[in-house]
Amino acid sequence: MLQRGMPRIFVSAGEPSGDLHAASVVRALVERYPGGTIEALGGPQMEDAGATIRYPMEGLAAFGVVEIVTKIRAHYRLLRALQGDFRVGRYAEAAHRAGTKVLYYIAPQLWAWRPERARRLAAAVDRLAVVLPFEQQFFNGLGVRSDYVGHPLVDRPAGPSRQVARSRLGIPAEGRTLAIFPGSRSQEIRRLWKPFRDAAYQLLRDGSCDRVLVAGTAHGVYPDPDGLEIVREDTATLLAAADAALVKSGTTTLEAALAGTPMVVAYKVHQLSWKVFQRLRTVKWVSLVNLVADGEVVPEILQDRASADELAAQLRPLLDRADPRTVHQREGLALVRERLGHAGASNRIVTMAGELLAPCD
């Protein structure tokens, strides 16, 4: 039962990285409002943190025009289910129209290809919290007030040392090790697994590396991984153990930057999605690392360029810790770590939520 004067809070996260970041916020909310009710559209991380999952997020995430089309029916069913909580409409807009205060944390990447939607977003929310240093300037430039709270990845405990991670995974101190991260969404894995796997085969055959660790998900399918090790360990351990990483574009690139692990970033989508993105994109870079650095720190190998041969060629020098390209990239990653700010993002979000919930305190 909801205690008198305690808030009822609904937290929404539709994909794995959102589930991870929202979990930290849920923990902070539970600590601040122990008698409140926290319900969610989310996943296992949010549930473990203390939220009641009303709507599981599984099957909702997609990136790309064609890929999103395949999820329309699932989102439509979700919107119908939410009618009891919020009136029909998009999530934030529906809540706002229903008189519910809306705090949007981790703003959608409108700066990449849909800047005209920023004002519509502003009309649907009460507060907007951004996690990348350049986002505040973007939104403020469009007349949309935003607050920069720092990136939630900085809040996470430091990963294990290289020595501890290698001991945990049974890797010799001098063994050259590649970690590959083909993504968490099934669509990503299907598109990226073959070129990622075949690039790793090349590097093993020519002696550029001794071990290849694949960051596997609980339900991911990885055909013919001969000689590659599917590891369902936490990301921090794999990154700490690796000399270099092959990473799909997304949040994992920032995790690698924070770990100081040299990387190559790759991504592939449906050809129609790629053509639409190319026509609408407003940014030079795709990877978050390069966007934060405002320059090329890591190679971006996208779409048709993401062949096994090209990926292997880009990775080969990074597996040599003394190679000038590796040294240069490590310097760039240090700049990214500096720009991501200080810990405390989740606590800042809870403070903002408290300001919206002031009558409930």
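**Aromatic pairs and salt bridges in a predicted model**

W111 is buried, with a relative accessible area of 5%, where buried means under 20% relative accessible area, exposed means over 50%, and partly exposed is in between (1.4 Å probe, protein chains only). This is a predicted model, in which local features need pLDDT of at least 70 and side-chain atom pairs count only at pLDDT 80 or more, while totals for chains, interfaces and linings use all residues. Residues are numbered from 1 along each chain as its sequence is written, and side-chain values use heavy atoms, with hydrogens and water left out.

**Aromatic pairs**

- A search of the whole structure finds five aromatic pairs, a term for rings of Phe, Tyr and Trp (its six-membered ring) whose centres lie within 6.5 Å, with planes under 30 degrees apart counted as stacked, over 60 as edge-to-face and the rest as tilted.
- One of them joins W111 and F134 in an edge-to-face arrangement, with 5.0 Å from centre to centre and 85° between the planes.
- Because W111 lies in helix α6 (residues 110-113) and F134 in the loop between β5 (127-130) and α8 (135-141), this pair ties together parts that are 23 residues apart in sequence; helices (H or I, at least four residues) and strands (E, at least two) are DSSP runs, numbered from the N terminus.
- F134, at 21% relative accessibility, counts as partly exposed.
- W274 and F277 form a tilted pair, 6.0 Å centre to centre and with 40° between the planes, and both residues lie in helix α13 (residues 271-280), three residues apart, which is about one turn of the helix.
- W274 counts as buried at 19% relative accessibility, and F277 counts as buried at 12%.

**Salt bridges**

- The search of the whole structure also finds 19 salt bridges, each being a side-chain nitrogen of Lys or Arg within 4 Å of a carboxyl oxygen of Asp or Glu.
- In one of these, the side chains of E39 and R8 meet at 2.8 Å, N to O; E39 lies in strand β2 (residues 37-42) and R8 in strand β1 (residues 8-12), so the pair ties together parts that are 31 residues apart in sequence.
- E39 counts as buried at 12% relative accessibility, whereas R8 is exposed, with a relative accessible area of 52%.
- The side chains of D323 and R325 meet in a salt bridge of 3.0 Å, N to O, in which D323 is buried at 11% relative accessible area and R325 counts as exposed at 53%.
- Salt bridges that share partners join E15, R185, E188 and K248 into one network.
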